[in-house]
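Hi everyone, thanks for coming. Today I'd like to walk you through how two chains meet.

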Amino acid sequence: MLKSKHYWKIFFLAPLLLYLTIFTLIPISRSIFLSFQQKSGGLTFSNYAWLFSNFQFREAFVNTISITILALALELLLAFSIALFITGGGKKRILQALILIPLGIPTIVVASNMRYIFDTDGFLNQILTRLHLIEIPINWLSGGALTLFSVVIADMWKVTPLMMLILLAGLERIPKELFEAARIDGSSFWQELRFIILPLMKPFMTMALIIRGIDTFRIFELPLALAGESFKVLSEFAFFEYRNYNNPYTAAASGTLLFVMILVSVLIYIRVSGAQKETA
Amino acid sequence: MKKFWRYFFIALIIIWTALPIYIMFKVSFSPASELMSQDPPIIMRNITFKHWIEVFRSGNLWQPLSKSLTVALFTTILSLALAVPAAYALSRIQYKYAISIILFVFLARMLPEVQIALPISISFIKAGLLDTNLGLILAHMIRVLPIVTWILLSVFRTVPLELEEAAEVDGAGRANIVKNVALPLAAPGIIVSAIFAFLFSWDEFIYALYLAIATKTLPLMVYYYINRSGWFEAATFSTIIAIPVLIVTIILQRRLKAEYLAGAIKG
């Protein structure tokens, strides 16, 4: 049993746990419960049936998954290139200070800035026109693949630095002796990349991808402020169902689906990071 | 040739990072004729303070600004009041017992906000907390608490147990150990986490969207103007929100550890 000299720990922890229970655990449970209810009461699956028969919802679901896959692939590539470039320190640290700046720009501000770029009268269309690549301005933000691309670019701008920080932390843990040994054997940069860096970086990449994947599942401000109702993702769908159509039940069902996706990702993350700890 | 590609890469990264921020500043200082045209110039040709003066005079700034400041301030104080003792206790519990609570905090940080905001918004309407500062503070704590607890946990882990054990042998009670050993050593970390708490409330958007309908916060004002095509006002409000966050991010560079932001579980 707990010795009395440890009792203080319970008093110290209780307020936080109580708060998280009341304001996180209970609301989540209530939402899940709501998703199986109807105005008339009683338990039902009809909210989910309605969602999957709804074209807009299926589109929101596909959009969420597509953004996640595309954004993660591009962010990983860019972040890894920058991390490889910066590692080793020296003068490059000044560059690092600059690269981290987007982390300090609030997401809604990023969205607002990206509108100046992607709007029909925006800077991107202007540059493309001046380079004679297009004749008529492109409507980037009216939905579809072009909007998906714009949202992905906006997300990349904001979070690539975070991904870079995680990968940099991993790169700096690779023992220098490995590179020295490889160089004595006359290896090229590409050989080092393939046989030393990539295998050792795999756990960091996996974890960065899962953590960032969870964030991207929840993406909200960027598509909302860039394209409004013409481009929906899951969390936006949940918001509009509640605010515009006054339907908390379908809003909760759409949120619950998101919750399940995130829960599965978190469980995978815990497994992966646990497995890594055992082998480390 | 290799050198050329290096500088090319650096230039590309600098342009990629700086351009959107530059455009925000530019728009907030540009005359309307430069943006509403078919071909908006990228270089700043004319500078006008018109939008800034209008925003300051319009009466749409002070209420959201004071709401954002008040909510962020109280969110910071209350979050620290709950998170400092909890993180300290967690750092003094054996890992195999603490891990379930750590995972709970970790999970709380990953959950979809829309799923939490929905029932909270419904209950706050009934409780009369919608559109109140208190309601928004309680909601912002949902976002801020897990992050701050996380940062503080790694802060308290750096306070050596030996020092506390020595104080305990000398007969100091827990209250004295916390006051005289743990808190002074953790003070810089606590200040950093307070700054993070403030900023995570300052730029919060989703809970505010659900709960602040009559009086908006600053991030909601940006959204408000985006929806009304108020380009200049959106840029001006964006700049007002971004400046404090930007300054702090630059100053705290060295403290921006990947694990703070990404929430990696470490053993």
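Predicted model: local features only at pLDDT ≥ 70, side-chain atom pairs only at ≥ 80, totals over all residues.

Across the interface, 68 residues of chain A are in contact with 71 residues of chain B. Which helices of chain B supply at least two residues each to the side that touches chain A? They are α1, α4, α5, α6, α7, α11, α12 and α13. By class, that side of chain B has 57 nonpolar residues, 9 polar and 5 charged.

The crossing of α1(A) past α7(B) is left-handed. On the α1(A) side, the contact uses L16(A), Y19(A), L20(A), F23(A) and T24(A). Facing them from α7(B) are L138(B), M141(B), I142(B), L145(B) and T149(B). Of these contact residues, 8 are nonpolar, 2 are polar and none is charged.

On to the second pair: helix α5 of chain A, residues 107–118, and α12(B). Here the axes come within 10 Å and cross at roughly 145°, and α5(A) also passes its partner α12(B) in a left-handed crossing. From α5(A), the residues are V109(A), S112(A) and N113(A). They meet A234(B), A235(B), S238(B), I241(B) and A242(B) of α12(B). What classes of residue make up this contact? There are 5 nonpolar and 3 polar residues, with no charged ones.

That's my tour, and I'm happy to take questions!

Technical notes:
Residues numbered from 1 in each chain as written. Chains lettered and ligands numbered in written order. Left-handed = near helix turned anticlockwise from the far one by under 90°. Helix = DSSP H or I, 4+ residues; strand = E, 2+ residues; numbered from the N terminus. Contact = placed C-beta atoms within 7 Å. Nonpolar A, V, L, I, M, F, W, Y, C, P; charged D, E, K, R; others polar. Axes fitted to C-alpha atoms, helices over the stretch in contact; angles between N-to-C directions.
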